Amino acid sequence: MSKACLVDLTRCIGCRGCQVACKQWNKLPAETTEFFARSGGYQNPPALSTKTYTLVTYNEIEDSSGRVNWVFSKRQCMHCLEPSCVSACLVKALEKTKEPEGPVVYHENLCMGCRYCMIACPFDIPKFEYEKAIPSIRKCTFCFDRQEDGEMPACAKACMTGAILYGERNELLDVAKSRIYSDPDDKYVHHIYGEHEAGGTAWMYISDAPFEDLGFPMNVGTTPYPRFTSTFLGAVPQIIILWAGLLTGFHWFVKRREEVAEEELTNTEKEG
């Protein structure tokens with residue numbers, strides 16, 4: 001089974017240690033931002049970007065008693081078990097690495113800048129460097145380089161409250177279910193986000209607040225997205241080859257017709 005992370009939002013205190021650790025490990029520059037307040041949260045910066053791979057969102061949530069509470073939520077690439085971004089990439093710039101790690105990694109040297117991965121992602125994760133002359137796609141790497149050396153992701157290591165657990169996905173699912181169904185106060189929402197969403201993801205969440213109130217997309221379904229497009233995408237290379245052949249044949253036909261016309265004109269002029 002692949003590696004994964006379980007985020008228990010009831011234990012997150014919004015310290016943003018994970019956010020800082022991600023910045024440091026990936027050598028990401030700071031962003032010039034302004035504080036804002038809206039229904040989607042009070043965090044700063046307001047959203048994930050090419051300079052921010054990990055973001056802790058700040059959400060005011062009203063409980064059943066009418067009391068308003070803060071709920072903090074770490075967001076990053078979900079590293080789907082069957083990623084749609086990988087299936088949409090025609091040049092294999094995005095790759096689902098083999099287990100035991102299994103992160104979705106990006107090969108900058110292969111990218112042609114089509115941005116199909118951005119359209120395909122149900123979680124709106126990949127970001128494009130619009131401001132650069134030679135832009136690339138940026139997103140969380142799940143610290144693949146650290147995992148290869150037997151280290152946990154930087155964000156998980158920096159979490160001081162144990163809100164982020166790193167380990168085998170099946171074992172983390174057991175932990176999540178145990179916390180949900182063994183809690184005497186029944187504080188958890190009975191839903192492990194990421195267990196089945198989009199076919200399952202490497203980042204999973206449990207929470208005491210409804211996920212829809214925290215801005216998590218709830219319409220992603222449970223079927224892996226590549227299964228919707230595999231037939232079409234599998235035919236793309238053949239279509240390209242066929243289309244290239246047709247264009248070549250058409251070009252030859254037009255060229256040959258022009259040559260014949262020129263020969264006939266030359267013969268007519270000689271006879272005249």
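Which residues have the most contacts inside the largest nonpolar core? They are Phe123, Tyr193, Trp203 and Tyr205, in a core of 47 residues. A nonpolar core here is a set of buried Ala, Val, Leu, Ile, Met, Phe, Trp, Tyr and Cys residues joined through side-chain atoms within 4.5 Å. Buried means under 20% relative accessible area, exposed over 50%, and partly exposed in between, using a 1.4 Å probe and protein chains only.

A word on the source. This is a predicted model, where local features need pLDDT of at least 70 and side-chain atom pairs count only at pLDDT 80 or more, while totals for chains, interfaces and linings use all residues. Residues are numbered from 1 along each chain as its sequence is written, and side-chain values use heavy atoms, with hydrogens and water left out.

Start with the whole protein. It has seven helices and nine strands. Helices (H or I, at least four residues) and strands (E, at least two) are DSSP runs, numbered from the N terminus. Of the 272 residues, 42% are buried. Contact means heavy atoms within 4.5 Å. Among contacts between residues at least 6 apart in sequence, 56% join residues at least 24 apart.

Now return to the core of 47 residues. Several elements give two or more residues to this core, among them strand 1 (3-8), helix 1 (17-26), helix 6 (169-182) and strand 9 (203-206). Phe123 touches Met78, Cys80, Tyr193, Glu197, Ala198, Thr201, Pro217 and Val220, leaving aside residues up to four places away in sequence. A second, separate core has nine residues, including Cys89, Ala93, Leu94 and Val104. In soluble globular proteins, nonpolar side chains tend to be buried together.

Next, the surface. The protein exposes about 15500 Å², and carbon and sulfur atoms supply 55% of that area. Accessible areas come from the Shrake-Rupley method with a 1.4 Å probe; for residues, only the protein chains shown count as cover. Leu90, Val91, Leu110, Met112, Tyr116 and Ile119 form a nonpolar surface patch with about 560 Å² of accessible area together. Patches are made of residues with over 30% relative accessible area and no salt bridge; like charges are joined within 9 Å, and nonpolar side chains (Val, Leu, Ile, Met, Phe, Trp, Tyr) within 5 Å. A salt bridge is a side-chain nitrogen of Lys or Arg within 4 Å of a carboxyl oxygen of Asp or Glu. Tyr116 lies in helix 3 (residues 116-120). Tyr116 is partly exposed, at 41% relative accessible area.

What about the cysteines? A search of the whole structure finds zero disulfides. A disulfide is a pair of cysteine sulfur atoms within 2.5 Å. For Cys80, the nearest cysteine sulfur is that of Cys121, 6.4 Å away. Cys80 is buried, with a relative accessible area of 9%. Cys117 is in no disulfide either; the nearest cysteine sulfur belongs to Cys114, 6.4 Å away. Cys117 counts as buried at 7% relative accessibility.

Finally, look at the backbone in the loops. The peptide bond from Asn44 to Pro45 is cis, with omega near 0°. Pro45 sits in the loop between helix 1 and strand 2. Lys27 also lies in the loop between helix 1 and strand 2. Its phi is near 55°, a positive value in a residue other than glycine. Lys27 is exposed, with a relative accessible area of 72%. Phe142 is not a glycine, yet has a positive phi of about 60°. Phe142 is in the loop between strand 7 (137-138) and helix 4 (144-148). Is Phe142 buried or exposed? At 1% relative accessibility, Phe142 counts as buried.
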